[in-house]
Amino acid sequence: MIISRELDYAVRIIRQLNKTKISNAAQIEKEECMSRDFARKILGKLKKAEIVSAERGTNGGYFLKVSPDELTLWDLKEIIEPGPVVNKCMKEGYDCPRNCDRPCAVHSECIRLEELIKREMSSKTLAELV
């Protein structure tokens, strides 16, 4: 699946933070219908990538450090689930047992599809989606 539940939830978190400017995990859980643990896991990845930051205190919470205008769905996919989306043979360093004496025709098609998906997922900013 190209857009996993985790990637979908990451988009929803970006949407929530874009709308409210600052939210805690409990608010995100309630507004976006996801478990608090899952929200925290995704927020941790977004924080590590410096897409969001957190502010402590009673009025604290998470907020966007990067505008949705500066991010694409592909950018977010690479933060949440880095690597290929079509086939594991697309992973760098993967040694395909089918590539004995000539390049695999399936691999060539996977390269084409991977590029097509990347181009489409990079064509719109998250601001256009959220």
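This is a predicted model: local features need pLDDT of at least 70, side-chain atom pairs count only at pLDDT 80 or more; totals for chains, interfaces and linings use all residues.
View 1. One aromatic pair is counted. The pair consists of Tyr9 and Phe38, whose ring centres are 5.2 Å apart; since their planes stand at 65°, the arrangement is edge-to-face. Because Tyr9 belongs to helix α1 (residues 5–20) and Phe38 to helix α3 (residues 36–48), the pair ties together parts that lie 29 residues apart in sequence.

**View 2. The buried face of helix α4 (residues 73–80).** The buried residues here are Leu73, Trp74, Leu76, Lys77 and Ile80. Down the axis of α4, these buried residues fall within an arc of 160°, so they line one face of the helix. In an α-helix, residues three or four places apart point the same way, because there are 3.6 residues a turn. The cover over the buried residues of α4 includes α1, α3, α5 (105–121) and α6 (126–129).

**View 3. Lys77 over the ring of Trp74.** Lys77 lies over the face of Trp74, 4.8 Å from the ring centre. Both residues are among the buried ones of α4.

**View 4. The largest nonpolar core.** This core has 28 residues, and Leu46 and Leu76 have the most contacts inside it. Two or more residues come from each of α1, α2 (25–32), α3, β2 (61–64), α4 and α5. The most come from α1, which gives seven.

**View 5. The surroundings of Leu46.** Leaving out residues up to four places away in sequence, Leu46 touches Ile13, Ile14, Ile51, Val52, Leu76, Ile79 and Ile80. Of these, Leu76 and Ile80 are listed among the buried residues of α4.

Technical notes: Residues are numbered from 1 along each chain as its sequence is written. Side-chain values use heavy atoms; hydrogens and water are left out. Rings of Phe, Tyr and Trp (its six-membered ring) pair if their centres lie within 6.5 Å; planes under 30 degrees apart count as stacked, over 60 as edge-to-face and the rest as tilted. Helices (H or I, at least four residues) and strands (E, at least two) are DSSP runs, numbered from the N terminus. A charge sits over a ring if NZ of Lys or CZ of Arg is within 6 Å of the ring centre and within 35 degrees of the ring normal. Buried means under 20% relative accessible area, exposed over 50%, partly exposed in between (1.4 Å probe, protein chains only). The arc is that of the directions from the helix axis to the C-beta atoms. Contact means heavy atoms within 4.5 Å. A nonpolar core is a set of buried Ala, Val, Leu, Ile, Met, Phe, Trp, Tyr and Cys residues joined through side-chain atoms within 4.5 Å.
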